[in-house]
2 protein chains.
Amino acid sequence: MKQILLSAKVILGTFFFLVITQSIPAFAGNVILIIGDGMDDAQITIARNYLVGPRGKLSLDHLPVRSSVQVLSVSDQNPKQAVYVADSANSATAIATGVVTSRGRIGTTAGTDLDVINIIDLAQERGIKTGLVTTANVTDATPAAFYAHTNNRDCENPSLMVDVEVYSDVFVDCSADLKSNDGKGSISEQLVGSGVDVFLGGGLKHFTVPAEDAGDEVLAMAKQAGYQVVLNPEQLNNIEQGKLLGLFSESTMPVIWRGEDDRKAEHSELSWTNSIHWSMGEVTYPEPMHCEDNPDFTGLPTLVEMTDKALAVLSAEDSDFFLMIESASIDKQAHRRKACGSIGELQQLNDALDSALVFTRSHPDTLILVTADHGQAAQIIPEESLFAASPYPIYSPGHVARIITPEGPVMAINYATNDFVAGEHTGVTVPLLSNNVGVGIVPSMMTQPEIFGLIKDYLLPEG
Amino acid sequence: MKQILLSAKVILGTFFFLVITQSIPAFAGNVILIIGDGMDDAQITIARNYLVGPRGKLSLDHLPVRSSVQVLSVSDQNPKQAVYVADSANSATAIATGVVTSRGRIGTTAGTDLDVINIIDLAQERGIKTGLVTTANVTDATPAAFYAHTNNRDCENPSLMVDVEVYSDVFVDCSADLKSNDGKGSISEQLVGSGVDVFLGGGLKHFTVPAEDAGDEVLAMAKQAGYQVVLNPEQLNNIEQGKLLGLFSESTMPVIWRGEDDRKAEHSELSWTNSIHWSMGEVTYPEPMHCEDNPDFTGLPTLVEMTDKALAVLSAEDSDFFLMIESASIDKQAHRRKACGSIGELQQLNDALDSALVFTRSHPDTLILVTADHGQAAQIIPEESLFAASPYPIYSPGHVARIITPEGPVMAINYATNDFVAGEHTGVTVPLLSNNVGVGIVPSMMTQPEIFGLIKDYLLPEG
């Protein structure tokens, strides 16, 4: 009897294996792509520990299909040579276009600076509606890679094109992208001409400057191009269909949470004897802190509200659509070593996923993909060192945020990739999760540019 | 026509979803559990970049089923309170027994120090053979959790039970586990009485000391208990069946690779002006290095050779078996900030997986699980900072290994959880992968103690 049971198991196993490794023939449907910027597994674990406890599950943890994504970058000087850590510009370009490029580039090739076709170009050719929602500027790297082509992510508006200081002592040059040099112009100008149906996010300041070839501001050009421009949640509520540009803050939208009194991760303080030799003296760790509401988050729509409106507008005429939703400040807050900001932002992503899942009840042909663009610096380190039994002072050389979780214990989060004003990304693989529509479509591992092919095959099947 | 196609897709999708989310009725078969100690996604990405390039795939990357594992620990003082970073003792206990406990414990409960039943106890009740293979001591925390019960992982032999300095200035007390105190004795003594069929690894020194209650050394007791003791690859080759204890090194088995001239990660050197203010002066990064063969790896079996022998011996009588294979020094080398050592050790794990996959051709009812016990410190950071355009010197405050990969570029690996002689673990979720037998059995996310249930349900089905 056992032999028969074993055989039955083998046949069953082989059948199921074939079922999930063979692609289902593609049929058109909607695609909702949710990108947590910098949302590697460390960031998700940090947020889970805080939001639902280490044994709990976030909505994204319940998604039935899991993959891991190899993030690929190349050198701009030698595009055949690998670079092991990406930024949001080239990783979003990989997702949006299927092309591996160098850091900082938006929809252009490494070294040769050629424009590459993106998923939105292809969707528009088939009359499929498209939308981009973000908590960053709508002209920031991640959304920009889905509609723009520049040699540098920082050229977000016409005043930031030639020899401009974008942050302290860092200058940028996009003169090759100027319209006067036969380029496509700045990112906000390219947005106006993109034909994308829905833009919602921050970055108003990139639209209130004169366009390169017109006296008008870019915002006026957007209205001329047919966009209904909304600047607050009330105006957003009133829109039901049509082209929509929502700009709810001058720059990146403020996050929902912050550390106590806006504290971030800090260095430990060392006694003078410890500064003489590591084995001597004492160390004072940063004080533990709670997370609190961010008072700057006022008069703004949540990521859920933006997601719900985008879904309503894009599905109003019952056509298929592609919607990218970015929770941008998991990364931006991690760069600034603000753990509570990243946690709150991941909460926003999880809530937006809930909305997308509710939408699939009435639109079951909707493929939901949740992924990240690249790794980030944060690590959960032991609140009590593994070597605490030793008599020596042991501490991280980086910045540490000791967050008191709702359960009571302290979670120590280490940011130690550099000591600069902003931390570094890391080169780890990132997760990709999918709803049940992804079964048989999403393999257990893939490269980041293969996400483009996955979306294209589902959204725009051949023949 | 489109409506019909959509409906067909929904029906197909729902069918496949049901197929993979419903458990297949359990039938007995072998289980091979491969544990990469400290093998989080950062470690796998580091090894992949080096071994096959960032676009390449390791054998473990090809496994068709992927899950993510929530690592759980609790406080020994308050077992209801979460601790966010594990060690190998309590995480292996979770896998082996399904019980969440506190760091340092082997098969015992947090606070109350009660012995808990492990998967090997249950397998032996059903007459199923068992084996434990590791590159660490066979008495080290990960294998020990599958057969032993102590309040502290460091009590590896009878001479390490009471007030012993296990490493610099750290003392340990396992007097409650002394046989004279009605305990089960040290870990090596418990090994002798465990009834496990195959042990292969390092740790001879823990067997060449007198047993607590006998004049004999523990090794003599092992022989009396029926173990064939082998100490080198030639002796190992001669074994075909029966109880087997292979001890190939005094302590942890040397790894196959090391850094150039045994270099490890190092601090950057700062100019004196930089030590005055971060924005001034210069920084000299550690010199890049190649990986090279470790000359200490001589006269030793590889993990593949040990795996092949364990599989041959355990399957010699055509009975079902449970085999745990640990690649231990991914973690141990990472603690010492030796990136090449971890990479070579992960190569060993990948080769052992290849052997296990070959075995499944003739034994298709074999469930292979590949997972890690906890996260480790290493991060891939940018070789050229994301902020390199700024005029300031930017560098990690931790130790950095700049590894020249076979493709040519430098991969920068950061170890910055502390500045102690050994780095810390991290609290990130860890991957779990499975062969096709895992389809329908392995969910997309699980807690670490649920791995115990997964193994038990497959190996020892009810009824």
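Chain A contains 13 helices and 21 strands. The model is predicted. Along the principal axes, the C-alpha atoms of chain A occupy a box of roughly 80 × 70 × 50 Å. Of the 463 residues in chain A, 57% are classed as buried. Among contacts in chain A with a separation of 6 or more, 73% are made by residues 24 or more positions apart.

Superposition of chain B on chain A gives an RMSD of 0.0 Å, with a turn of 180° and a shift of 0.0 Å along the axis. The two copies are therefore related as by a two-fold rotation axis. The same surface is used by both copies, since 100% of the contact residues of chain B recur in chain A.

The contact between the chains involves 84 residues from chain B and 84 residues from chain A. On the chain B side, at least two residues each are supplied by helix 1 (2-21), helix 2, strand 2, strand 4 (82-83), strand 17 (379-381), strand 19 (410-415) and strand 21. Helix 1 of chain B gives the largest share, 11 residues. By class, the side of chain B that touches chain A comprises 43 nonpolar, 28 polar and 13 charged residues.

Helix 2 of chain B (residues 41-51), one of the contributors to this contact, has 10 of its 11 residues buried and is therefore largely enclosed by the rest of the structure. The buried positions run through B:Asp41, B:Ala42, B:Gln43, B:Ile44, B:Thr45, B:Ile46, B:Ala47, B:Arg48, B:Asn49 and B:Tyr50. After helix 2 of chain B comes B:Gly53, which has a positive phi, near 85°.

In chain B, 10 strands form an open sheet of mixed pairing, in the order 9-10-8-5-15-1-16-20-2-21. Strand 9 (228-230) and strand 21 (445-447) of chain B are the edge strands, each pairing on one side only. On average, neighbouring strands of this sheet are turned by 15° against each other, direction ignored. Within strand 21 of chain B, B:Met445 stands opposite B:Ser68. Strand 2 and strand 21 of chain B also each supply at least two residues to the side that touches chain A.

Conventions: Residues are numbered from 1 along each chain as its sequence is written. Chains are lettered from A and ligands numbered from 1 in the order in which they are written. This is a predicted model: local features need pLDDT of at least 70, side-chain atom pairs count only at pLDDT 80 or more; totals for chains, interfaces and linings use all residues. Copies are superposed by least squares on the C-alpha atoms of residues with pLDDT of at least 70 in both. Two residues are in contact if their C-beta atoms, placed from the backbone, lie within 7 Å. A residue is buried if 20 or more other C-beta atoms lie within 10 Å of its own, exposed if 12 or fewer, and partly exposed in between; C-beta atoms are placed from the backbone. Helices (H or I, at least four residues) and strands (E, at least two) are DSSP runs, numbered from the N terminus. Two strands pair if DSSP finds at least two bridges between them. Axes are lines fitted to C-alpha atoms, for helices over the stretch in contact, and angles run from 0 to 180 degrees between N-to-C directions. Ala, Val, Leu, Ile, Met, Phe, Trp, Tyr, Cys and Pro count as nonpolar, Asp, Glu, Lys and Arg as charged, and the others, Gly among them, as polar.
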